[in-house]
Structures are given as structure tokens and as C-alpha cells.
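Reader: Before I use a model in my own calculations, I would like to learn how to read its features one at a time. Could you take me through them?

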Amino acid sequence: MGKARGGPVPVVVMGLGFIGQEIARSVLSSPEVTLVGAVDISPQLTGRKLSELIGDPAAAVRISGDLATAVGRAQGAVLLHATGSRLPQVAEQILEAVQLGMHVVSTCEELAFPYLKHEELAQRLDEAAARGGVSILGTGVNPGFVLDRLIALAGQVCGPVRHLRAERVVDARTRREALQRKVGGGLTEAQFDEMVEKEQLGHVGLLESAALAALGLGLDCDDFEEEIAPVVAEEDITGGAFVVKAGRVAGISQTAVGLEEGQERVRLELTIALGAEPQRDRIVIDSEPRLELEIKGGVAGDRATANLLVNAAPRVAAAEPGLLTVLELPSGR
């Protein structure tokens, strides 16, 4: 890592949907960063004070429609970026920030380990960041922590790893309605299958987590596979933003597997469904010693993601230039 700068790091929040608003709130509670700007392309938001949107008078900045206006003359600023999950859709936004001399910490799931699906684009981002003397990082609760970085940290006490199995179970009723819809809540199985085929459903980033976990544990996986299946309600499920009738889809069951010469070495299992239980994050590393960790109730996703971005900002600002993964961040603050 490079040298830490003096004083709070200036940050700009881009994308003011639910997660972007959570990021802004987290910024205001952190002594390590200071909010200098906010960006959203929505005409309904441009020009408004951020304080009106998030209900905190400390957020006195006005929402800009473009990044250059939002960052102004702030030097060494970090863009906290939350506009999309697919790297090709957001890459130009990231490159614009780099051209403005900004570091980037993004919720874009494919950016967590872009070499897996977008090697050429990853190389382009790395070279642009190196030329600009800034750093780029993709992170979040998953990918970015529970099913990759936390696993790599736990693996530091292990000898050679034979196999990793990790699971994350989330009751979607505890999350916002948009996520309940995103995992297919209320659909028929036929509708679910059609939307999965069009890549309109499912959790983006599980394969990236599998690749990061393998790298962090020293496993040489040469192939990764993914499956997405519906979780079907056996009875009516209430307590969410809507009722899921028996026989309808309650959510997703998604699996990512890392293989080495055809042998399974990594298995990540993610269930996000209305009524899923028990909520937990569980990691089992088959090694010497064997290690089993469980977080009862699981790590709360939305606020955890916001905190991860904000806590990463000063570390990324102090890092060597280029495209980073979460495995290159210090384990503590």
C-alpha cells in the first residue's frame, strides 16, 4: 500500500438509488472521509440538495448531473460508485473518474474480479488507472467480503486447503422490495427460467467470489461453473413487500463451483428467498486444521456494503495505482 494522506479523504457518491443513499449516510458517519459531491443522472434529482433525499441536514451538497461538476477542484478524491452490476455497462463512468484524477471504489459486482469475464476490459482499466496514478476497486458484502475476503483471511491459519464450502442464506423479507423482485419473488417457475435465461434474474458476482476465494486460499482452479434454480414456496409466505402464493417462486438458490482438473475445490451456495432460514453465513475449510465459521443471522447486506465502500476509500486512496481486488486491502482499518 502507498502512504496514507493527511486528513479526511474527499469522496463523491455516484448513483443515488437505495444503496447509494446508504453509502451517503455511511460517509456522514465516518471521520475518515468527507462528502464533497453527489451525482445522479435522474432529472428528478439533479439540482436538489442531497439532504432532502436522505433526510440528514449534514448532506449539504447539491446533486449534480455530471461527475466533473460534482468533484470540482477536490484533489485525491474517491468516487464511491453505485450505478450497476455489469462491468461493460459502467466501465465508461469509471474511466471518466480516472481521467478526472479520481480513485474509484464501486459496488459493481463484476469489478470485484473482472479478469474472470472481462479480461480485456480489466486490462484497460488497470492501464488507465496506472497512467492516472489512481486505484480502482470493486467491493461489497458479496462479492467483496463474506464469500471471498473473509474466507481468504480465515485461510491464513490453515495448511494446504483441500476443499472450501461456504453458504449464505438470506431471508429476502428482511431486505427492500426491489431485491425481493430481483430474486424472482412471486413469479411462476416458467417466468423465472425465462428471466434467468435473459440474465435478468440471479445474483451477479457469485462466480467472481468463487475465483477470489480460490485465489485467496491458494487453490489453482482452472474452471468455474454456475447454476441458478428457483426456491418454490410450499405454502403462502407473508411478511414481505407482497404475499408469495404456494407454488410460486420465493427466491433463488445459486451455486458457483471452482474446479481443478475436473475436481471440485470450491463450492459457494447462495440462497436469497422470502422465508429462507436459518439466515446465516457459514464457511467450512477442509484443511489442517479444519476450520468452520458461522455468523448467525448473516451479515446485513445493504448497510454492510455501504460501510465496506466507505471504509475502503482511504485505503484505496493510499494504494499503489492500478486495478485492485479486495485481497490486496489491509485486513484492518
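The dialogue below goes from the sheet to a helix, then to an aromatic pair and to the backbone.

Reader: What should I know about the source?

Author: This is a predicted model, in which local features need pLDDT of at least 70 and side-chain atom pairs count only at pLDDT 80 or more, while totals for chains, interfaces and linings use all residues. Residues are numbered from 1 along each chain as its sequence is written, and side-chain values use heavy atoms, with hydrogens and water left out.

Reader: In what order do the strands of the open sheet lie?

Author: Strands of a sheet pair through backbone hydrogen bonds, either parallel or antiparallel. Here the open sheet has 7 strands in the order β3-β2-β1-β4-β5-β6-β13, with parallel pairing (strands are DSSP runs of E with at least two residues, helices are runs of H or I with at least four, both numbered from the N terminus; two strands pair if DSSP finds at least two bridges between them). The edge strands, each pairing on one side only, are β3 (63-64) and β13 (322-324). Between β1 and β4 there are 4 bridges, with Val-13 opposite Leu-80 in β4.

Reader: Which residues of β1 point one way, and which the other way?

Author: In a regular strand the side chains alternate between the two faces of the sheet. From β1, Val-9, Val-11 and Val-13 point one way, whereas Pro-10, Val-12 and Met-14 point the other way, and all are buried (buried means under 20% relative accessible area, exposed over 50%, and partly exposed in between, with a 1.4 Å probe and protein chains only). β1 pairs with β2 in the parallel sense over 6 bridges, and Pro-10 stands opposite Thr-34 in β2. The chain crosses from β1 through α1 to β2 in a right-handed β-α-β crossover (right-handed if, with the strands pointing away from the viewer, the path from the first strand over the helix to the second runs clockwise).

Reader: How many residues does helix α1 have, and what covers its buried residues?

Author: An α-helix has 3.6 residues a turn, so residues three or four places apart point the same way. Helix α1 (residues 18-29) has 12 residues and reaches 17 Å from its first C-alpha to its last, close to the expected 16 Å (the expected span is 1.5 Å times one less than the number of residues). Its buried residues include Ile-19, Ile-23 and Val-27, and among the elements that cover the buried residues of α1 are β1, β2 (33-39) and α10 (301-317) (contact means heavy atoms within 4.5 Å).

Reader: Which residues form the aromatic pair?

Author: A pair of aromatic rings is described by the distance of the centres and the angle of the planes. Phe-113 and Tyr-115 form an edge-to-face pair, at 5.7 Å centre to centre and with 65 degrees between the planes (rings of Phe, Tyr and Trp, the last by its six-membered ring, pair if their centres lie within 6.5 Å; planes under 30 degrees apart count as stacked, over 60 as edge-to-face and the rest as tilted). Phe-113 counts as buried because its relative accessibility is 16%, whereas Tyr-115, at 30%, counts as partly exposed.

Reader: Where does Glu-261 lie, and is Glu-261 buried or exposed?

Author: Glu-261 lies in the loop between β9 and β10 (263-273), and at 74% relative accessibility Glu-261 counts as exposed. Its phi is positive, about 50 degrees, although Glu-261 is not a glycine.
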